[in-house]
Amino acid sequence: FSISTYNKMWRDAQKDLDIQLQREKEECLQPEKDRVEVFNMLATSYIKYMQILRKLETAHDQLIHQQKRTLIRQVLDGVIGRILEIKREMVDLEHSEFHYFLNILEDLKLLPENIEVPIPRYFIKERLEILQQREKMLDEILVNAGLQTQKPVKVMTFEEAIKVIQVAERARQGRCRVAFMKKIFLQQKRGPTKLQDQMGPDPNDAAICIQKARSTPIYLITLLFTIQVWRGYSQRKKTQKMREQEMIFLGMSSPPRLQARSITEKCAKQINVLQGKVQERHEEIFNKDKLRETEGIYIQETLENQIGQCFIECRHIVGRFPDYPTKETGGSMAILSEKTPEQVAAELAAKEEVELQEKAKQGKKGKEEEKEKTKGKKPQKNVKKVRLPEEEGWKMAPSNFLSIMEEGNRQYKDIWQNRDERWDFLQDHDPELIKDEKREEVEEEIRVQVDELMKEKVENLKLAVDGEKSDKQKKGKKSQKVRVANCESVVNIMMSLVCRTIDSLYRELVEEGLLIKAKTVNLSDYIGEYNYLGTSLRQGGVEPVASLADVRQLIALYGILPLGSQVVHEKGPLVKSLLLAGPTGVGKKMLVHAICTETGANLFNLSASNIARKHPEASDLQMMLHMVLKVAKQLQPSVVWIGETEQIFSKDLPDRPKAASAKRLEKILPMFLKALKAQDRVLLVGTTKQPFSADLKPFCRVYQKIILIPKPNCASRYGKYFMLWKHIILQNGGEITNSLNLSCLTKVSDGFTQGHIVQAVQAVLTELRLLQMSRRPLRASEFIASLAKQDPVYREEEDSFQ
């Protein structure tokens, strides 16, 4: 049932993708002058691709068939890249990182939750073993260096496991023995009345008891009173339940907390674990060596016959053997293209004519330039001015991912769309498809060997038949001189780093505290609600303040998605640096750790406070950056975090070693970013709480994307049953009851950040207070007293950030 469900989800996603690709060809490539129409078109495509991404990600995570998952992964990378390209177009169009399209969501009958960016789970699943080994090595280094007080959990040996099992089994047997002896003791105690219990009570004694009870009026009074009490109790329970349901329906109360998971949820969790093991199983497939043994000779003979026949036919038409194509032009693939010998001869003749014409043109240009120099004329003076065409309107930039999605869509239609899988219960791999994929690789390897053999044969035929020598024999000495000239080695400035291994550099960075352990925080833990008034405010000419949900989206688009996929990072819009600016307590460091958690990235801490005393000299600082760059590239993905980054670009710095070392990074960081290429999944992330104290010109030159993180708005504090307060209280071990007025807390906390709320909750929920929770429920007055001791974010500070 689950396989058919996720197959249907994949089928629906491919159908939506096919429609969207057709729409891209028809609409997005045509010029458009109306900016509103352009934005609506881009926003609609963005939402559609986000829905496709969610379906494909779920199907990729749940399906077992490895070949299906490979094809879905290809399309998934294409969809992610296309979303980033559309986001870039919307940013260039509106000159803003935040976009609001609530009216488009209403037209499509969707909720704001539907445009939440899903984080693909294969970012971590495919590298789970590597990440576990790296975490284990990091813990060992920290423990040996004395930087981690809590030692990592040791693996239990076989003998220790047996001892623990024996102790538990003896305790279980002892409990069973005590229960058995207690049962025997009770049976012996009531042994004399055993015969009477089997025979039952005497009917005469029972009749006497009933007559006594009926003769007493107290019996009737007690019975009536009991019935009345029970009716009142049951009615009060029903009324209370109806009142709670009404408050939940009106949105004035939160639903009851789930006490335990059901049996179905537990079974589903076990099935997911088993499913992951099945997905990780090694495929028993036809490898290249086996395929080479079975079909290698046949492939080699076929290629030799095809190449020889093509050369013979070309000689009959042209009159001589053509030159063998080089590796740069494709080798024998250029010969064996689907063309007739006549077409090949015509192409060769056309190429020769083009070369002759180009040589003639170059000769004429050289003569004209010489004449102009001798006469002293300026050739550019009489050139007519060419009028630029009028602006035709906005047009979509060329995409690097449409071809990937079209290829995946074509493979789906050719292989999987009409495939009958009713009898494929095991969802095993298809050996024929694997053989087709491996056959191409084997054919390419054999083609290289065949090209060398056939090249020698063609040269021998030229000597024997035409009496010609190849160009290679004539110009061999010159090519050797060029190779020797090109193979001159370049002196490396950082020879000390070249001689060292990555493990030694990794260990040194960890011991110096420059490579730290990221906290396990998911992006979904960053609580925030969508800004429902953003569309109407922007239409009215007022720029709305971004919400926490918007910030969460940008972190996923600019930080997590590119770092998680190599294809997306290489071909998509390149973002090398990211700045998170906001007041204290809005969760800047939490977002940095969330990027590392969701992608499995290494975290390098280059904050001014961390490198102040470790690298006082400029040469040491440059060497440290080279070490970080080398390790980050080799063990990618990586995040280089600079906390309090405004100190690097600050105008007036105090005379302190911390400030001096931070100031030296201002000139080195641009070189650091220039060394990062598209294939390097390394992201520079800076955090600042005082961006207005920095010199803006070099500051904005280093950071490519700047994200302002505001304090929580009303929607984040009130929405979804007061989600921010409720989430933090539950996270710290508290319980939500009717005695706790969350509405009052959300109103009072206006102007405070998430960090202020966390500090207030942690100050109240001590160990003693958690023990008293069952007898004394939480009340709002406890948190208000703790919150009042902190300073909120005032309007002047908000204006400074804006």
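What is the volume of the largest cavity? I started my notebook with that one, and the value I got is about 60 Å³. A reminder to myself: this is a predicted model.

**Entry: cavities.** I looked up how many cavities reach 30 Å³ or more, and the structure holds two.

**Entry: who lines it.** I listed the lining of the largest cavity and found Tyr46, Lys87, Met90, Glu97, Phe98, His99, Phe101, Asp550, Gln553 and Leu554. Helix 3 (66-94) and helix 22 (548-564) are the elements that give two or more residues to this lining. Helix 22 supplies the largest share, three residues.

**Entry: domains.** Which domains give at least three residues each to the lining? I found domain 1 (3-118) and domain 3 (502-708).

**Entry: helix 22.** I then turned to the helix with the largest share of the lining. Helix 22 has 17 residues, and I read 22 Å from its first C-alpha to its last. That is close to the 24 Å expected at 1.5 Å a residue. I also checked its axis and noted a bend of about 35° at Ala556.

Entry: Why is helix 22 largely enclosed by the rest of the structure? I took buried to mean under 20% relative accessible area. By that cut-off 17 of the 17 residues of helix 22 are buried, so the rest of the structure largely encloses this helix.

Technical notes. Residues numbered from 1 in each chain as written. Predicted model: local features only at pLDDT ≥ 70, side-chain atom pairs only at ≥ 80, totals over all residues. Heavy atoms only, no water. 1 Å grid on protein atoms, 1.4 Å probe; cavity = no way out; pocket = protein on both sides within 12 Å on 5 of 7 lines; lining within 4 Å. Points joined across faces, edges and corners; volume = space filled by probe spheres on them. Helix = DSSP H or I, 4+ residues; strand = E, 2+ residues; numbered from the N terminus. Domains from an automatic or database assignment. Expected span 1.5 Å × (residues − 1). Bend = angle between axes of the 7 residues up to and from the residue. Buried < 20%, exposed > 50% of the residue type's maximum accessible area, 1.4 Å probe, protein only.
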